[in-house]
Amino acid sequence: MFSGKARAYTNIALIKYWGKEDQELIIPMNNSLSLTLDAFYTETQVIFSEEISEDRFYLDNQLQDSKATVKVSRFLDLVRSKAHCNLSAVVQSQNFVPTAAGLASSASGLAALAGAASAALKLDLAPEELSRLARRGSGSACRSIYGGFAEWQKGDSDKTSHAVKIPSAGFENDLSMIFVVVNDSKKDISSRDGMQRTVETSAFYPGWLTSVPQDLAKAKKAIAEKDFVALGEVTEASALKMHGTTLAANPPFTYWSAESLQVMNLVRQIRNNGLACYFTMDAGPNVKILVERKNETALLQALNSHIATQQLVVAHAGPAIKILTEVNGTASTF
């Protein structure tokens, strides 16, 4: 029996990834840049054993159906191939996400699975190798290998597409991200389907791809110079451009709701009143607001005048993936 356990934190892209160049290998159409967060994480244990004949997947203590298990098994096959192992496994995964946060956990989930499975089979992968492996499960998972800021370099092959840590001199610790949960129900169009439709049909998509390198350069310069306003402006612009591509898809669609628009307008109003804050959104209606940590309380007070407290979740910069040792409760990190 071989066992490994890992904890990985989710991340939010500030410069967005939208569209795959290679569906099977999950190689993206563009580079992206993210911030790993402390408030949302997944802990996963993988046990390879001769005593079981097929993989079993438990999520939050519930045995999952064959559809969910097949995805996990396919990912484990990659790890088994690397380790020359043919044992089946029990996967026990626990999501630690605030109730109804509406935050997809695929990034933390697949990163934790990659870390736990590779630790169980003693693959001893370097961070970039683990990032490449996690990418095969979920693209954004490759960024959750690192704490703070990370850039997913698209590359042009399985070997060259992975995330790297962005040096920041601790700038991430000056930031807060506030989640505004406007709707936590299942979205009509999945991220995977939305990306594919946009890449194949959106008249705006070529313009999006052309703009990403400039946005990425602006974001990295802002991080290097600890320039919050510059980082906030390019973060908001990247999100708006990404969502703009969906409006020109065929048929057109949007992840925004009326409540999303209200929150975006509220952020602009607060900013116009002198408090620097900027929004971003992923493939869903919930809004994330970037603010300097010193202004976190002031922003929450401004939001509370319009938004119920239970709709607000506060997060700060999170750490790299941790390989957990159950014997003495210690953890090693990258």
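Predicted model: local features only at pLDDT ≥ 70, side-chain atom pairs only at ≥ 80, totals over all residues.
## Helices over a sheet

For a look at one pairing, take β10 (residues 175–180) and β12 (residues 287–292): they run antiparallel and are joined by six bridges. Within that pairing, I178 has I289 in β12 as its bridge partner.

## α5 against α6

Back to α6, which also has a helix partner. Helix α5 (residues 205–225) packs with α6 (residues 228–247) at an angle of about 165°, and their axes are 9 Å apart. The angle is over 145°, the cut-off for this class, so α5 is roughly antiparallel to α6. Their crossing is left-handed.

Who does the touching? On the α5 side you'll find Y205, W208, S211, D215, K218, A219, A222 and I223, while α6 brings A230, L231, V234, S238, K241, M242 and T245. Sort the residues of this contact by class and you get nine nonpolar, three polar and three charged.

## α1 against α2

Another helix pair to look at is α1 (residues 66–83) with α2 (residues 106–120). These two pack at an angle of about 40°, with 10 Å between their axes. That makes them oblique to each other, and this crossing is right-handed.

In this contact, V72, F75, L76 and V79 of α1 meet L110, L113, A114, A117 and S118 of α2. By class, the contact has eight nonpolar residues, one polar and no charged ones. As background, an α-helix has 3.6 residues a turn, so residues three or four places apart point the same way.

Is G139 buried or exposed? Its relative accessibility is 5%, so G139 counts as buried. Setting aside neighbours within four places in sequence, G139 is in contact with I26 and W152. As for A317, its C-alpha atom is 20 Å from that of G139, and the two residues are 178 residues apart along the chain.

## β5 and its partners

Strand β5 (residues 56–59) pairs with β7 (residues 88–96) in the parallel sense, over four bridges. Here F57 stands opposite V91 in β7.

β5 also has an antiparallel link, to strand β6 (residues 62–63), made by two bridges. In that pairing, Y58 has L63 of β6 as its bridge partner. Together β5 and β6 form a hairpin with two residues between them, and D60 in the turn has a positive phi of about 50°.

Technical notes:
Residues numbered from 1 in each chain as written. Heavy atoms only, no water. Axes fitted to C-alpha atoms, helices over the stretch in contact; angles between N-to-C directions. Parallel < 35°, antiparallel > 145°, perpendicular 65-115°, else oblique. Left-handed = near helix turned anticlockwise from the far one by under 90°. Contact = heavy atoms within 4.5 Å. Nonpolar A, V, L, I, M, F, W, Y, C, P; charged D, E, K, R; others polar. Pairing = 2+ DSSP bridges. Buried < 20%, exposed > 50% of the residue type's maximum accessible area, 1.4 Å probe, protein only.
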